Amino acid sequence: MTSIDERIVLETAAEYGVPGAVARELTARVRPCLYLVRHKEVPVSQRELARPAARTGGLPALPDGVDWPEGREPLVLSVDCAALPRDVLDIELPADGHLLFFTEIEYPPESSAVLHVPADAHTTERAATYEQNGEPRQIRVYEPSTLYPVAGLTLDSDGEGGPRIDAFLDGGGAGEALDSFEEAVLDRAFGGHRPGVCVQLGGFSDPWDMAPDAGGPVLLAQLPGQAIDYDVFTMNLIVGAREDIAAGRFGGLRYEQQC
């Protein structure tokens with residue numbers, strides 16, 4: 001699981017005037033994630049060994065007898081599970097095969113789906129055209145873009161602070177220092193400045209509105225519209241029960257779009 005060295009946490013805290021006890025209490029509320037970013041956004045120190053693990057857009061390669069999901073939403077993300085770094089996330093994803101994410105990012109989706117395609121399945125790329133009531137129809141196909149995984153940390157921004165954090169904030173004028181320290185720790189866990197717009201697997205969500213992963217569900221994926229299409233300004237969050245995700249029961253996932 002991704003972690004950040006306590007020495008770095010304490011050194012960073014000292015830079016921002018945050019007491020060590022406060023820093024430890026704050027970073028106890030972190031969860032690991034994987035950021036899926038374009039090659040130019042991979043930290044320089046990791047770029048030489050970076051290997052692709054996902055793709056936005058494009059057409060789906062599906063097993064024989066499997067067609068587009070019933071709602072025929074666009075394919076927005078394909079993840080090569082075997083190419084993801086192991087022992088990073090605290091949610092369990094398939095060890096191999098591909099996860100395909102179908103949803104509408106421009107308008108609230110009427111239906112959505114995540115499919116797991118086993119590694120040994122014979123697959124064929126599906127066309128985006130189909131016929132409905134005798135009329136030809138076209139499914140939206142987004143421009144494919146290759147993504148690379150980078151491990152990182154997320155922080156539960158809506159979580160309650162502990163006694164040391166509360167006492168520090170009661171001192172007055174400390175909120176800005178605490179926010180800056182938090183951002184610096186998360187950047188250092190990433191290995192550089194985190195991109196503002198990117199796909200995220202696992203971790204805590206970073207929603208624009210109420211967090212859909214509060215109070216039980218966990219985040220499977222967070223997909224900003226701009227990560228798929230630069231002109232789409234939405235935040236798309238997919239959450240579910242931890243045990244269902246681990247068992248590959250993706251039919252009960254909850255999809256939320258925030259604008």
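Modeller: A crossing of two helices is left-handed if the near helix is turned anticlockwise from the far one by less than a right angle, and right-handed if it is turned clockwise. By that rule, in this predicted model, helix H2 crosses helix H4 in the left-handed sense.

Colleague: Where are H2 and H4, and what angle do they make?

Modeller: H2 covers residues 20-27 and H4 covers residues 163-170. They pack at an angle of about 125°, and their axes are 8 Å apart.

Colleague: Which residues of H2 and H4 meet?

Modeller: Ala 21, Val 22, Glu 25 and Leu 26 of H2 meet Pro 163, Arg 164, Ile 165 and Phe 168 of H4. Sorted by class, this contact has six nonpolar residues, two charged ones and no polar ones.

Colleague: How do you know that H2 and helix H5 are oblique as well?

Modeller: H5 spans residues 175-190, and its axis comes within 11 Å of that of H2, with a crossing at roughly 60°. Roughly parallel needs an angle under 35 degrees and roughly perpendicular needs 65 to 115. The angle of H2 and H5 lies between those ranges, and the pair is therefore oblique.

Colleague: What is the hand of the crossing of H2 and H5, and which residues make the contact?

Modeller: The crossing of H2 and H5 is right-handed. H2 supplies Val 22, Ala 23, Leu 26 and Thr 27, while H5 supplies Leu 178, Phe 181, Glu 182 and Val 185. The classes here are six nonpolar, one polar and one charged.

Colleague: Which residues of H2 are buried, and what do they pack against?

Modeller: The buried residues of H2 are Val 22, Ala 23, Glu 25, Leu 26 and Thr 27. They pack against helix H1 (6-15), strands E1 and E10, and helices H4 and H5.

Colleague: Why is Thr 27 called buried?

Modeller: The relative accessible area of Thr 27 is 19%, and buried means under 20%. Thr 27 therefore counts as buried. A polar atom of the Thr 27 side chain lies 3.0 Å from the backbone oxygen of Ala 23. Leaving aside residues up to four places away in sequence, Thr 27 touches Val 9, Phe 181 and Val 185.

Colleague: What makes Thr 154 a buried residue?

Modeller: Thr 154 is in strand E10, residues 145-155. The relative accessibility of Thr 154 is 6%, and the cut-off for buried is under 20%, so Thr 154 is buried. The Thr 154 side chain reaches the backbone nitrogen of Phe 204 at 2.8 Å. Beyond residues up to four places away in sequence, Thr 154 touches several others, including Arg 29, Cys 33, Tyr 35 and Leu 186.

Colleague: Why is Glu 41 called partly exposed?

Modeller: Partly exposed lies between buried, under 20%, and exposed, over 50%. Glu 41 has 25% relative accessibility, so the label is partly exposed. Glu 41 sits in the loop between strand E1 (30-37) and helix H3 (44-47). The C-alpha atoms of Glu 41 and Val 150 are 9.4 Å apart, although the two are 109 residues apart in sequence.

Colleague: How do you know that Asp 87 is exposed?

Modeller: Exposed means over 50%, and Asp 87 has 68% relative accessibility, so Asp 87 counts as exposed. Asp 87 is in the loop between strands E4 and E5. The phi of Asp 87 is near 60°, a positive value in a residue other than glycine.

Notes:
Residues are numbered from 1 along each chain as its sequence is written. This is a predicted model: local features need pLDDT of at least 70, side-chain atom pairs count only at pLDDT 80 or more; totals for chains, interfaces and linings use all residues. Side-chain values use heavy atoms; hydrogens and water are left out. Axes are lines fitted to C-alpha atoms, for helices over the stretch in contact, and angles run from 0 to 180 degrees between N-to-C directions. Helices (H or I, at least four residues) and strands (E, at least two) are DSSP runs, numbered from the N terminus. Contact means heavy atoms within 4.5 Å. Ala, Val, Leu, Ile, Met, Phe, Trp, Tyr, Cys and Pro count as nonpolar, Asp, Glu, Lys and Arg as charged, and the others, Gly among them, as polar. Buried means under 20% relative accessible area, exposed over 50%, partly exposed in between (1.4 Å probe, protein chains only). A polar contact is a pair of N or O atoms within 3.5 Å; within protein, one must be able to donate a hydrogen and the other to accept it, and residues adjacent in sequence count only if both atoms are side-chain atoms. Angles under 35 degrees count as roughly parallel, over 145 as roughly antiparallel, 65 to 115 as roughly perpendicular and the rest as oblique.
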